[in-house]
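Reader: I'd like to go through this structure piece by piece. Can we start with the terms and then get to the residues?

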Amino acid sequence: MVKRYEGNTGRMIRVEEEPPLPAPARRPPPAGAGGPPRPEALPRQLRRLLSGSLGELETEDLLLLLILYLLYRESGDKDWLMTLGAMLFLP
């Protein structure tokens with residue numbers, strides 16, 4: 001039994017617990033079907049993305065890029081976008 005309280009009244013009600021419903025069985029999509037990438041393909045895609053110019057950046061640089069992007073997205077000021085591009089392409 002579970003005790004539940006009613007809003008601001010302070011009254012307690014005892015409620016029977018319901019057994020959890022069984023999870024439906026999921027089958028993987030066919031190989032030729034479109035849709036999201038399969039989980040085992042994600043690390044390969046991330047490695048490919050990070051092996052380029054982003055792979056040379058340190059954690060502090062990635063955090064700075066994220067902050068610059070969020071500043072651009074919030075304000076819409078193109079100066080933040082140019083600063084972000086300069087951080088990415090200039091050594």
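Author: Buried means under 20% relative accessible area, exposed means over 50%, and partly exposed is in between, with a 1.4 Å probe and protein chains only. This is a predicted model, where local features need pLDDT of at least 70, side-chain atom pairs count only at pLDDT 80 or more, and totals for chains, interfaces and linings use all residues. Residues are numbered from 1 along each chain as its sequence is written, and side-chain values use heavy atoms, with hydrogens and water left out.

Reader: Is Arg11 buried or exposed?

Author: Arg11 counts as exposed, because its relative accessibility is 51%.

Reader: And what does the Arg11 side chain meet in a salt bridge?

Author: The side chain of Glu6, at 3.5 Å from N to O. A salt bridge here is a side-chain nitrogen of Lys or Arg within 4 Å of a carboxyl oxygen of Asp or Glu. Glu6 has 30% relative accessibility, so Glu6 counts as partly exposed.

Reader: How many salt bridges does that rule give?

Author: The count comes to 1.

Reader: Change of topic. What order do the elements run in?

Author: From the N terminus on, β-β-α-α-α. That is 3 helices and 2 strands, taken as DSSP runs numbered from the N terminus: helices are H or I with at least four residues, strands E with at least two.

Reader: Where does Arg14 lie?

Author: Arg14 is in strand S2, residues 12-15. Its relative accessibility is 54%, so Arg14 is exposed. Arg14 and Lys3 are 11 residues apart in sequence, and their C-alpha atoms are 4.7 Å apart in space.

Reader: Now the helices. How do H2 and H3 pack?

Author: At an angle of about 160°, with the axes 8 Å apart; H3 covers residues 78-89. Axes are lines fitted to C-alpha atoms, for helices over the stretch in contact, and angles run from 0 to 180 degrees between N-to-C directions. H2 and H3 are therefore roughly antiparallel, a label for angles over 145 degrees, with under 35 roughly parallel, 65 to 115 roughly perpendicular and the rest oblique.

Reader: Where is Leu63?

Author: In H2, residues 59-75. Leu63 is partly exposed because its relative accessible area is 49%.

Reader: What share of the protein is buried?

Author: Buried residues make up 4% of the 91 residues.
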